[in-house]
Amino acid sequence: MSATPEPFLEAADYIAARLCRDAVWAGARCNWLGDSMEFVGGQWVVAHRAFGPDLYSGTAGVALFLAEAFRQTGEPLFRETAVGGARQALSRLAETPAQTRIGFYTGHTGVGYALTRIGELIGEQEFVDRGLEIVETLAEVEPDERGTDVLAGSAGAIPALLHLRKKYGRGPLLELARRHGEFLVTSARKTREGWSWNTLNIPAGRRKQDLNGFSHGAAGIGWALLELWSATGEEKFRAAAEQGFAYERHWFDPQQENWPDFRGLYDAWAGSPGQPGFMTAWCHGAPGIGLSRVRAYELTKQEIYRREAEAALRCTSRALAAAIAPGQSNYSLCHGNAGNAELLLYAARAFGDDSARRLAEQVGRAGVEQYRKTYSPWPCGVLEGGETPGLLLGLAGIGHFYLRLHDPTGVPPVVIIQVDSSQ
């Protein structure tokens with residue numbers, strides 16, 4: 001392990017070293033084994049498995065974290081293992097289902113983004129070139145009604161395409177992003193309450209309420225459309241984004257300072273039968289929705305978005321204050337403490353909110369005390385599972401959170417893409 005006395009950097013260094021130790025090598029490529037949720041026999045079960053190429057849980061995400069750790073620490077082993085993970089991702093691109101290839105977290109857009117960032121961090125132009133090539137070939141893939149959201153669809157791809165276009169001067173990527181934006185505008189469910197999207201792909205006759213939220217709901221799609229408006233100046237994209245935010249505003253609960261989760265998984269929390277529950281996570285609920293509103297305020301300067309962001313901050317802060325008690329929560333990016341604290345780091349940058357920054361650091365220190373110093377397993381995001389290596393559910397994401405605490409300007413977030421970032 002490299003010499004890193006600063007506690008947040010030391011925690012990230014420790015996790016990176018663990019991932020390097022646990023890598024399974026085959027020649028110049030490496031992968032990892034860990035727990036995952038698999039749909040088997042009509043139900044979700046925990047399975048121990050090797051991983052695919054994707055950013056969410058696969059080798060692209062782990063390699064991205066290791067490359068960031070190499071840049072911060074200079075540890076050669078982190079660089080070597082990042083290269084092995086990136087090569088493994090490249091070797092398995094064909095395994096990605098066609099309908100999710102445009103996806104940022106599940107598909108080729110995310111792998112291409114990760115490869116360009118890895119190449120920049122470790123000084124390997126080959127990875128930058130391959131990443132751009134992978135993304136540019138997505139021009140051959142038509143938008144798919146089964147893929148609209150941030151996690152696996154057009155909405156997640158748009159900000160990444162805009163970022164890569166701006167950073168590398170790839171003009172065709174703007175046209176590709178616009179095509180997916182047009183698709184989102186035409187596929188919206190337009191009601192008096194606002195616009196929403198059938199991200200769960202439920203047939204019209206059995207459709208429930210469309211989702212709020214960042215990863216699968218109107219917040220994330222609205223954010224993507226607002227980024228597209230900022231890049232193109234086309235008002236139809238801003239209007240569509242505002243309609244998505246209006247849909248969520250209709251459902252906002254001022255007592256909870258949160259937005260209901262319509263998936264049905266959390267109805268038991270609501271206190272009365274037939275009423276939706278509330279989740280407080282990046283994927284569903286105030287933390288992720290808050291990210292979209294902070295960014296909306298940055299782009300438009302409309303006070304309504306700042307007020308909604310501040311409500312999300314209060315809800316998230318209360319949840320984090322309760323969750324950092326020993327054993328109360330996992331530390332994953334998707335639906336754990338690290339992902340929730342990302343809203344605090346983002347708001348601290350955008351609003352100059354020192355109290356948000358301090359609470360995020362408190363979350364980080366609690367993890368160091370409870371898990372790093374005791375050598376205990378980090379609680380990850382696989383329900384009823386153990387440690388897992390991936391970026392959104394596991395150790396790579398927890399390590400990335402600690403790098404963000406150490407250097408929030410030098411390490412860009414992975415739970416929201418900074419289109420105008422110089423990183």
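## Burial criterion and Pro 159

A residue is buried when its relative accessible area is under 20% and exposed when that area is over 50%. Pro 159 has a relative accessibility of 0% and therefore counts as buried. The structure discussed here is a predicted model.

Pro 159 is located in helix α6, which covers residues 154-168. Leaving aside residues up to four places away in sequence, Pro 159 touches Trp 223, Ala 224, Ile 417 and Val 419.

## Overall architecture

The protein contains 14 helices and six strands. Its C-alpha trace spans about 55 × 50 × 50 Å along the principal axes.

Of the 423 residues, 59% are buried. Among contacts with a separation of 6 or more, 64% are made by residues 24 or more positions apart.

## Packing of helices α2 and α4

Helix α2 (residues 59-73) packs against helix α4 (residues 108-122) at an angle of about 20°, and their axes are 9 Å apart. Because of this angle, α2 is roughly parallel to α4. The two helices cross in a left-handed sense.

On the α2 side, the contact involves Ala 60, Ala 63, Leu 64, Ala 67, Glu 68, Phe 70 and Arg 71. These meet Val 111, Ala 114, Arg 117, Ile 118, Glu 120, Leu 121 and Ile 122 of α4. By class, the residues of this contact comprise ten nonpolar and four charged, with no polar ones.

## Packing of helices α3 and α5

Helix α3 (residues 76-91) and helix α5 (residues 125-136) have axes 12 Å apart and pack at an angle of about 30°. Angles under 35 degrees count as roughly parallel, and α3 and α5 are therefore assigned to that class. The crossing of α3 and α5 is left-handed.

In this pair, α3 contributes Val 83, Ala 86, Arg 87 and Leu 90, which meet Phe 127, Arg 130 and Ile 134 of α5. The contact of α3 with α5 has five nonpolar and two charged residues, and no polar residue.

## Residues with positive phi

Most residues other than glycine have a negative phi.

Glu 257 is not a glycine, yet has a positive phi of about 50°. Glu 257 is placed in the loop that joins α9 (235-251) to α10 (286-300). The relative accessible area of Glu 257 is 13%, so this residue is buried.

Tyr 375, likewise not a glycine, has a positive phi of about 55°. Tyr 375 belongs to the loop between α13 (354-372) and α14 (395-406). With a relative accessibility of 58%, Tyr 375 counts as exposed. Thus Glu 257 is buried, whereas Tyr 375 is exposed.

Notes
Residues are numbered from 1 along each chain as its sequence is written. This is a predicted model: local features need pLDDT of at least 70, side-chain atom pairs count only at pLDDT 80 or more; totals for chains, interfaces and linings use all residues. Side-chain values use heavy atoms; hydrogens and water are left out. Axes are lines fitted to C-alpha atoms, for helices over the stretch in contact, and angles run from 0 to 180 degrees between N-to-C directions. Helices (H or I, at least four residues) and strands (E, at least two) are DSSP runs, numbered from the N terminus. Angles under 35 degrees count as roughly parallel, over 145 as roughly antiparallel, 65 to 115 as roughly perpendicular and the rest as oblique. A crossing is left-handed if the near helix is turned anticlockwise from the far one by less than a right angle, and right-handed if clockwise. Contact means heavy atoms within 4.5 Å. Ala, Val, Leu, Ile, Met, Phe, Trp, Tyr, Cys and Pro count as nonpolar, Asp, Glu, Lys and Arg as charged, and the others, Gly among them, as polar. Buried means under 20% relative accessible area, exposed over 50%, partly exposed in between (1.4 Å probe, protein chains only).
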